[in-house]
Structure formats: structure tokens, C-alpha cells
Amino acid sequence: MLWARIEDDWVVEISAQNPAGCYHPSLVWMEIPAEWQAYVDNNYAVMDGEFQPPTLDYLRGQLKPKINAACDSALATLKAAYPETEVLTWDQQIREAEALQTNAEAAAPLVRSLAAQRPVLGETETDRITELTRRILANAEVWSMAAGNVIGQRQALEDALDSAESVEDLLAVNIAIHFPEDTGE
């Protein structure tokens, strides 16, 4: 259970510990109803000693960051196998791989350096660059499909929030984002 400290009909503090006997008796604490615990935060209204049902705008404001976090979490699973510094080079790798696909002599310092360190990719420098280019572009396609799926789910959830006409409609929105099982290669 959660408890809220109330001042002037507003929540000013939330505690997971039952405050009974722990604070000065002049402080007003109320148990937060189970159905509102996910939504009550500081600055939540209490009127006549009752937690007021959240408004549509309030709930939308609470749920949109949760949707964004679920999207980020799903996409983070794709990137988890790579160091962040490598992830930061993905756009450059893709640009250089696309340039190499069009022109084998294109300037591509990152891809050429990566290929030079990976003899397992081929016997010659050209073979290594060609194979790495293929892999980079294949991975980019997989990422695009997976990211498109996840981001599309996030956008659909946001559409559901925006089109909800009642608190009940909003509470019925399942904000889970599911990572696609089959992303290609």
C-alpha cells in the first residue's frame, strides 16, 4: 500500500511505509486507494477527504512518459549487445556502407578500419570490406524493421490516449510494448 501526506487538499508526499505513529499527529496522511496508486503523485488533488478521480489530461500526462519508457526499453534490448560508443557509430557505418555499395572506392574510413581488424571476414581487403558492408546493411534493415514495429506501437498507444473520451477508456489502454519476435536475419 501507499500513503499520501496531504496539505491544503493536495498530495505533497508519498510513502510506501505506513505512517501511523511515525510522524507528528498534525500531519495528515491518507491511504491511497489501490486503483489510483499508479497515478497519484505530488500535486494530486484531494477534496473532502477523498482522492479525486484523475482527469483525462492528468492521466494522459502520466501515461505518455510510461509509453515512451516502454518504447525505449524495448529498443534498448536490441542495442544491449553493443557498447554505447559503437552504437553511436551506426549512422556513420550505414552511410559509409551505402556509399561503398554504390562505389567500391568511396571514402569510408570507419568501415575500412573495421574491416581491416577483422580478417575472418575474407581473405583480401576487398573481400572483408564487401562482407562487412553486407553485414552492416543487413543489420540496418533488421534494426529499421524492429524499430519501426516498436515505434509504431508507441505511436498507436499515444493515439489511443489522445482519442480516449473517458478516464475508463484511458485506464483500459494497455501500455505494454512488445518486442517483435522475428526481426529478419
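Helices here are DSSP runs of H or I with at least four residues, numbered from the N terminus, and axes are lines fitted to C-alpha atoms over the stretch in contact, with angles from 0 to 180 degrees between N-to-C directions. This is a predicted model, where local features need pLDDT of at least 70, side-chain atom pairs count only at pLDDT 80 or more, and totals for chains, interfaces and linings use all residues. Residues are numbered from 1 along each chain as its sequence is written, and side-chain values use heavy atoms, leaving out hydrogens and water.

Take helix α4, residues 109-116, and helix α5, residues 125-163: their axes come within 9 Å and cross at roughly 115 degrees. That makes α4 roughly perpendicular to α5 (65 to 115 degrees). Val111, Arg112, Leu114 and Ala115 of α4 make the contact with Arg128, Ile129, Leu132, Thr133 and Ile136 of α5 (heavy atoms within 4.5 Å).

Now the pockets. A pocket is an open set of points on a 1 Å grid over the protein atoms alone, where a 1.4 Å probe fits, with protein on both sides within 12 Å along at least five of seven lines; lining residues have an atom within 4 Å of a point. Volume is the space filled by probe spheres set on the points.

The largest pocket has about 560 Å³. Its lining has 18 residues, and Tyr82, Glu86, Trp90, Gln93 and Asn139 are the closest to its centre. Helix α5 supplies the largest share, 7 residues.

Which helix gives the most to the lining of the second largest pocket? Again α5, with 6 residues. That pocket has a volume of about 200 Å³, and Arg112, Ile129 and Thr133 are among its lining residues.

Notes
Helices (H or I, at least four residues) and strands (E, at least two) are DSSP runs, numbered from the N terminus. Angles under 35 degrees count as roughly parallel, over 145 as roughly antiparallel, 65 to 115 as roughly perpendicular and the rest as oblique.
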